[in-house]
Amino acid sequence: MSIEDAATLLILSGSHGSAIVVRAIGELDYDYAPTFRRELSQAWTSGTSDSPTLVLDLAGLTFCDSTGLAELLWMLRRSQESGTRLVLAGVSRTLRHMLTTTGILPYFTLSASVEEALQDG
């Protein structure tokens, strides 16, 4: 496996009760933002019409740049428009710092883990 192969983004999704859980693993940056949007759009259309909660598990996210932040804002706007509760779970210290520095942290609901987000929902 080369270094180029290691820098990827994998999106996994599934239903957990009345919630949709989407797990992002890898890098959320300029190169992988289209993959993120495509996969999240697919998960969104396949499940959130019946699900009042979408949990975005970011514990496996290894990198996020400004394009990645823009994608998270896109998810937030989409959730607000549809009346879906969006929870970011497993946010790293670095990502939390980015959300705080940019002033957008208060707009997101954060949870330490997917399990906690599902219990709170």
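Visitor: Which residues does E71 touch, not counting residues up to four places away in sequence?
Guide: Bear in mind that this is a predicted model. E71 sits in helix 3. Skip its neighbours up to four places away in sequence, and the residues E71 touches are A33, F36 and R37.

Visitor: Is E71 buried or exposed?
Guide: The cut-off for buried is under 20% relative accessible area. E71 comes in at 8% relative accessibility, so it counts as buried.

Visitor: Which residues in helix 3 are buried?
Guide: An α-helix has 3.6 residues a turn, so residues three or four places apart point the same way. With that in mind, here's the buried set in helix 3: G68, L69, E71, L72, W74, M75, L76, R78 and S79.

Visitor: How far apart are the end C-alpha atoms of helix 3?
Guide: Helix 3 covers residues 66-82, which makes 17 residues. At 1.5 Å a residue it should span 24 Å. The model agrees, with its end C-alpha atoms apart by 24 Å.

Visitor: What does a side-chain oxygen of D65 reach at the start of helix 3?
Guide: Look at the start of helix 3, where D65 has a side-chain oxygen pointing to a backbone atom.

Key:
Residues numbered from 1 in each chain as written. Predicted model: local features only at pLDDT ≥ 70, side-chain atom pairs only at ≥ 80, totals over all residues. Heavy atoms only, no water. Helix = DSSP H or I, 4+ residues; strand = E, 2+ residues; numbered from the N terminus. Expected span 1.5 Å × (residues − 1). Buried < 20%, exposed > 50% of the residue type's maximum accessible area, 1.4 Å probe, protein only. Polar contact = N/O pair within 3.5 Å; in protein donor to acceptor, adjacent residues only side chain to side chain. Contact = heavy atoms within 4.5 Å.
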